[in-house]
Structures are given as structure tokens and as C-alpha cells.
Amino acid sequence: MVRSMTGYGRKDDIRGSLRLTVELRAVNHRFQEILVRLPKNWSMLEDQIRKQVAMYVRRGRVDVTISLEGSATISSNVAIDWSIAEQFLQLSREMDQRFSLETPLTAKDLLLFPGVIHTNETEEVDREEVATWLLAVVNTAAEDLLSMKMVEGEGLQADLIHRLLSVQKWLEEVRFLAPSGTQEYHNRLHQRLSEWAAQVPFELDQQRLVQEVVFFAEKSDISEEITRLTSHCNQFSQQLEKEEAVGRKLDFLLQEMNREANTIASKANHLRIQHLAVEIKTELEKMREQVQNVE
């Protein structure tokens, strides 16, 4: 089944005071490229996220953006270092005695000294739990992306099949008309020579006429091109049914198909066949534009 290279996936989730948002944007690219942007504190998960998204993307560039808002703490415990406070108090009393000062310290004064008071934060959840949760949300967003890629892929496949059927129909008409080209050339050549003979009497050399017709038939023979183009069409149809990434193979086949159509147009000395070859080339170009979006 054909998948599109373009798509979008998103998932939002909340756990406690944390709000997590994961966005995935996929665009065309020749190879698989996954770029991950996430909070600096969680950069150690980048490789895991990239591998996880890679399971849903066979070709194309995917930008993964992760934002984590909120605090992972629920409380701050305030504590006093009594030993340091007693040292400050003792030093203050010694200075009062030495310099005959009367500057008694208050509790507020002591709390302002460095090291007397400090806080301890308590984590709401541990980092392993948050990491597991984050990866699970990434997986859900990747599934959302894949769903969109498959829906768009169905549309691409339907369009490619429709255009391929048109190419095959015109190719069958070319196959039917190909033998008549030689006979038409023979008739035209015989008529022209007969007209000349009527004006300037001379005897028609039937053997020479046959040689000219044979030479023309060899020069304008398109049977090999028709066979190869038919084979490429069949291969193209088969590739559309495969589950693997087929975009590059389809693009290569279209290049070969266009090559054969060009040769048919240049070799065939038949007006209708030339017109059909132009129609085939035009349709192949439209197909190639669509294939640029196929994964």
C-alpha cells in the first residue's frame, strides 16, 4: 500500500503539573531523516525518540517537536542550620563585648546570614517515569502521523492507477497501429513513384521498392520499445501493491517509461502513433509529479 511522505501528527497529555505536547511534521525527502527538538533536560532521550519514530517512517524528513511545561516538584521544604546560626550569634556577642556595642541580634537578622536557611525540593515523579510517559506520547503522535500518511497515500495510489490505465490503453492502440505504418509507407511510396512514372515514363523496380520498404520498416520498428514500455507498466502496477517504500523505484520506472515513449515518438513515422506518444509522455510527467510525494 502506497504511503505519502507528507503528514502531520500531534498528541497532548497531562500528568500532574506537567503538560506534554508532541508534534510531528513530515515532508518530502530523498532519504529518511528524523530531526528531534526537545527540552535540554531530556536530550538523553533523543536517540530513543528517533528510533521510535523511524518505525513509522520509511522515507522522508520528519521534524519532531516536544515541549514539556510545568514543574516536576510539588513542595519546597525550608530548613535552618542551627550550628551556623549559633556561630553567627556567638560572634555577634564577642564583637559587642570587644567594642562595647549594644546591637542585639534578632531572629530576622540571623535568617539573613548566608547558610542559615536553605530549601529542599521534593520531586513529584521520578525521571524514569516521566521518560516512559514521554516515549508513550511520542508513539501515539507517530501513529497519528502514520494514519494521515496512509490516507493521503490511498489518494495517490488511486490517481496513479487511473493514469497508468490511460497509459496502457494508449499503448495498446500504439501496438495495434504499429504494423500499419509500414504498409502505409509502402502505399505512399508506390503511389508517388507511379505519379512520377506517369509524368516521366520509367519502369518501376519492384525489388528496389521492396528494399526501401524493408529499410523503412527496420528504421521505424517500435516493437521493442512497446514491449519494454509494457513491461515497465506491469512492474509499476506491481510496485504499487507492495508494503515497502516504493517511491524511488516508481520514480526510476517512470524515467525508463518516458525514455521508451520518447523513442516511440521519434521512430514512428505515423501521425496517430506520434500523437499517442505525446499523450503518454504527458501522463507520465503527471505521474512523476505525484510519485515525488510517495514514501
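So, how do H7 and H8 run relative to each other, roughly parallel or roughly antiparallel? Before I get to that: this is a predicted model, where local features need pLDDT of at least 70 and side-chain atom pairs count only at pLDDT 80 or more, while totals for chains, interfaces and linings use all residues. Residues are numbered from 1 along each chain as its sequence is written, and side-chain values use heavy atoms, with hydrogens and water left out.

Okay, H7 and H8. The axes of H7 and helix H8 (residues 271-291) come within 9 Å and cross at roughly 165 degrees. Angles over 145 degrees count as roughly antiparallel, so that's what H7 and H8 are. Their crossing is left-handed, meaning the near helix is turned anticlockwise from the far one by less than a right angle. Residues in contact (heavy atoms within 4.5 Å) include Leu250, Leu254 and Ala261 of H7 and Ile273, Ala277 and Leu284 of H8. By class, that contact has 12 nonpolar, five polar and three charged residues.

Now the other neighbour. Helix H6 (residues 223-240) packs with H7 (residues 247-267) at about 160 degrees, axes 9 Å apart. H6 and H7 are therefore roughly antiparallel too, and their crossing is left-handed. Among the contact residues are Leu229 and Phe236 of H6, plus Leu250 and Leu254 of H7. Here we have 10 nonpolar, four polar and six charged residues.

Last stop, helix H1 (residues 46-54). Its buried residues (under 20% relative accessible area, 1.4 Å probe, protein chains only) are Ile49, Gln52 and Val53. Looking down the axis of H1, these fall within an arc of 95 degrees, so they line one face of the helix.

Methods. Axes fitted to C-alpha atoms, helices over the stretch in contact; angles between N-to-C directions. Helix = DSSP H or I, 4+ residues; strand = E, 2+ residues; numbered from the N terminus. Parallel < 35°, antiparallel > 145°, perpendicular 65-115°, else oblique. Nonpolar A, V, L, I, M, F, W, Y, C, P; charged D, E, K, R; others polar. Buried < 20%, exposed > 50% of the residue type's maximum accessible area, 1.4 Å probe, protein only. Arc of directions from axis to C-beta.
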